[in-house]
Amino acid sequence: MKKYIAFFSVGFVFGIILILSEVASWFRIFEMFQFKSFHMYGVIGSAVIVGIALVQLIKQKDVKTFEGKSIQVKDKDKGFTNYLFGGVIFGFGWALAGACPGPMYALLGSGFMSILVLLFGAILGTFVYGVLKSKLPH
């Protein structure tokens with residue numbers, strides 16, 4: 001139960017940050033894809049830097065899970081084409097939908113029920129990827 005409360009709390013705080021930083025705002029996303037504002041690039045860049053720092057901290061300090069097990073961070077597969085291909089598909093989906101997965105839940109929590117259509121499409125896309133995964137280049 002303790003871990004579910006921790007997960008819910010982290011998700012709740014993450015949603016508040018997404019809403020307050022306007023990352024979930026369709027207008028901010030629209031500005032980003034038109035290269036009219038640095039706002040989204042600054043937020044994404046900050047998240048990348050924090051993510052790199054936290055992964056390095058986990059690797060160096062032997063951080064444990066809630067169950068007391070060591071967290072093992074596996075090295076990513078080397079490659080360029082697979083990440084470029086996946087990133088372009090993700091970007092197209094993000095541009096067409098106007099939201100990526102995190103902000104979808106934040107918008108739902110903010111009461112924007114029309115996001116349910118988008119969330120259904122994202123879940124369907126994830127299911128289709130799971131079905132086709134073995135046939136795609138990785």
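Start with Glu 22 in this predicted model: at 35% relative accessibility, Glu 22 counts as partly exposed.

Arg 28 and Glu 31 sit about one helical turn apart, because three residues separate them in helix H2 (residues 26-33). Shared partners join Glu 22, Arg 28 and Glu 31 into one network of salt bridges.

Step back to helix H1, residues 2-20. Its 19 residues reach 27 Å from first C-alpha to last, close to the 27 Å expected at 1.5 Å a residue. Select Lys 3 and Glu 67. Their side chains meet in a salt bridge (3.7 Å, N to O). This pair links distant parts of the chain, 64 residues apart: Lys 3 lies in helix H1, Glu 67 in the loop between helix H3 (39-61) and helix H4 (81-97). Glu 67 is exposed, at 51% relative accessible area, whereas Lys 3 is partly exposed, at 29%.

Go inside next. The largest nonpolar core has eight residues, including Leu 18, Ile 29, Trp 94 and Cys 100. Another core, of six residues, lies apart from it; Ala 99 and Leu 107 are among them.

Finish on the surface. Phe 120, Leu 124, Phe 127, Val 128, Tyr 129, Val 131, Leu 132 and Leu 136 form a nonpolar patch with about 760 Å² of accessible area together. Leu 124 belongs to helix H6 (residues 115-132).

Methods
Residues numbered from 1 in each chain as written. Predicted model: local features only at pLDDT ≥ 70, side-chain atom pairs only at ≥ 80, totals over all residues. Heavy atoms only, no water. Patch = residues over 30% accessible without salt bridge, like charges linked within 9 Å, V, L, I, M, F, W, Y side chains within 5 Å. Areas by Shrake-Rupley, 256 points an atom, 1.4 Å probe, with all protein chains shown as cover. Salt bridge = Lys/Arg side-chain N within 4 Å of Asp/Glu carboxyl O. Helix = DSSP H or I, 4+ residues; strand = E, 2+ residues; numbered from the N terminus. Core = buried A, V, L, I, M, F, W, Y, C linked by side-chain atoms within 4.5 Å. Buried < 20%, exposed > 50% of the residue type's maximum accessible area, 1.4 Å probe, protein only. Expected span 1.5 Å × (residues − 1).
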